[in-house]
Amino acid sequence: MNNNKKISLGLFGFGCVGQGLYDVLNMSQGLQATIEKICVRDKTKKRRLDANRFTFDKNDILKRKDLDVVVELISDTNEALEIVSTAMKNGVNVVSASKEMLAKNFFQLFKLQQENNVSLIYEGSVGGSIPILRNLEEYYDNELLQSVRAILNGTCNYILTRMELEGKDYGEILKDAQSNSFAEADPWLDVSGCDAKYKILLIAVHAFGLLLKPEQILNLGIQNICYEDILYAKEKGLRIKLLTRAEKLGDKYRVYVMPHFIDKSSELFNVLYEYNAVEVEGAFSCKQLFTGKGAGSHPTGSAVLSDISALTYNYRYGYKKLKKLLNGNSTAPDSAKLLDSDFNIKVYVRFSNKSEIEKLEIVSIEEEYKSAKNNYIIAIVKFKSLFHFCGNHDSKVFICEV
Ligand SMILES: NC(=O)c1ccc[n+]([C@@H]2O[C@H](COP(=O)([O-])OP(=O)(O)OC[C@H]3O[C@@H](n4cnc5c(N)ncnc54)[C@H](OP(=O)(O)O)[C@@H]3O)[C@@H](O)[C@H]2O)c1
């Protein structure tokens, strides 16, 4: 594609991000791009554009021969995979923001890019407006990256900030966040740390070349937090943040999502409300912080626009680090063996009944508090044993790294 050419787009989805893209594209001065057709699902929904701009049949876009880019921004993970795969098999470049679809099917999508000589880029899927994936891939291609620590879920950060600043409990703030559209009607994906896990999986590909499966990554969320936990942190001058981490220690990697106590000396301490932040640490560049709105219509739309623009100069991810690990093999490497899950970790654990934590392998207890309602311990535990609490809907235990 050449930069001066007018690009024709086929757009899937006209919800939060799709409409955001439409707006930023209309206001963009440089990029000459036209949305030729928009595919959506609900025939009864009122739309802000003429009905002739829309279709309900994906083939009205996928079978067209005159499109330069398919932009996939839908909320249906299985259908998103179908659309993105078909477009690539048809030789069309794709931009997507569907982190769950990308994370769950990464290797398949990577291979489709190679086999069909097309580009699939997805900056909007991680950190909303924060330009991180292309930076990890290109800018830090030769840097000895040591760690990426990030706040990647705006909903969680918004809830945690308001709980602390307003002195309110989780349920009350969550309800309010839902009525203000800062949280989904079903917030599980966000508050359980699943959404952040999909994002750190994509970061791990571009930062370290790791190819992981979502189930190999521990995610502990904030769904069980209460104001007492916030207060505990506050009294010690700390804040609780849901952190996603991917770091290299020797020839092993640690990749996980967990609430953390953060102190004032960290730049992440002051990342508040719906803001996201990514702290990248390299051997030579030292620590660098990227921060910005991690979700939302226009911020994510702007990342999608940037991807479309990158395609005008034939950009594609080089996957240099991943290809090095693949070492010419066409089968998915087992990056799980590169994961370190056999280490001890210091955590704050709040529970009401000892039976709730019997699966936790405790090495030693540093502090213990008991009350009629709640108990907590500060303990060194085996990281592996935390997997028992990962995705466990029944557990009421709150765990936070100290
Ligand atoms: N919201 C954010 O801030 C954000 C940020 C980063 C990434 N993302 C990701 O971007 C994607 C879109 O998110 P969103 O927030 O824009 O979702 P949304 O507001 O719920 O909109 C979803 C859109 O997808 C369409 N759709 C759903 N299933 C479809 C199907 N089978 N065929 C065609 N269209 C279909 C819907 O059609 P109807 O209009 O007919 O209902 C709607 O227009 C998701 O993967 C999300 O994880 C979102």
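This is a predicted model: local features need pLDDT of at least 70, side-chain atom pairs count only at pLDDT 80 or more; totals for chains, interfaces and linings use all residues.
**Close-up 1. The aromatic pair of Y232 and Y376.** The rings of Y232 and Y376 also form an edge-to-face pair, at 4.9 Å centre to centre and with 70° between the planes. Y232 belongs to helix α11 (residues 227–235) and Y376 to strand β15, so the pair ties together parts that are 144 residues apart in sequence. Both tyrosines, Y232 and Y376, are buried.

**Close-up 2. The hairpin of β14 and β15.** Strand β14 (residues 362–370) pairs with strand β15 (residues 375–382) in the antiparallel sense, over seven bridges, and the two strands form a hairpin with four residues between them. Y376 in β15 is the bridge partner of Y369, and the ring of Y376 also takes part in the aromatic pair with Y232.

**Close-up 3. The open sheet of six strands.** The strands of this open sheet follow the order β3-β2-β1-β4-β5-β6, with parallel pairing. At its edges stand β3 (54–55) and β6 (120–121), each of which pairs on one side only. Strand β2 (residues 33–39) runs parallel to β3 and is joined to it by two bridges, and I38 stands opposite F54 in β3.

**Close-up 4. An aromatic cluster and the arginine over Y315.** Ring pairs link F106, F107, F110, Y122, Y315, Y317 and Y319 into a cluster. On one of its members, Y315, the charged end of R134 sits over the ring, 5.6 Å from its centre.

**Close-up 5. The second largest pocket.** This pocket has a volume of about 350 Å³. Of the 14 residues that line the pocket, the closest to its centre are D141, E143, A207, K321 and K324. The elements that give two or more residues to the lining are α10 (194–208) and α13 (320–326), and the largest share, four residues, comes from α13.

**Close-up 6. The largest cavity.** The structure holds three cavities of 30 Å³ or more, and the largest cavity has a volume of about 100 Å³. The lining of the largest cavity includes L220, G221, Q223 and N224, together with F389, N392, S395, V397, F398 and I399.

**Close-up 7. The two assigned domains.** The domain assignment of the protein chain gives domain 1 as 7–133 + 297–326 and domain 2 as 342–402. The centres of domain 1 and domain 2, taken over C-alpha atoms, are separated by 41 Å.

How values were computed:
Residues are numbered from 1 along each chain as its sequence is written. Side-chain values use heavy atoms; hydrogens and water are left out. Domain bounds come from an automatic or database domain assignment. Two strands pair if DSSP finds at least two bridges between them. Rings of Phe, Tyr and Trp (its six-membered ring) pair if their centres lie within 6.5 Å; planes under 30 degrees apart count as stacked, over 60 as edge-to-face and the rest as tilted. Buried means under 20% relative accessible area, exposed over 50%, partly exposed in between (1.4 Å probe, protein chains only). A charge sits over a ring if NZ of Lys or CZ of Arg is within 6 Å of the ring centre and within 35 degrees of the ring normal. On a 1 Å grid over the protein atoms alone, a cavity is a set of points where a 1.4 Å probe fits but cannot get out, and a pocket is an open set with protein on both sides within 12 Å along at least five of seven lines; lining residues have an atom within 4 Å of a point. Grid points are joined across faces, edges and corners, and a volume is the space filled by probe spheres set on the points.
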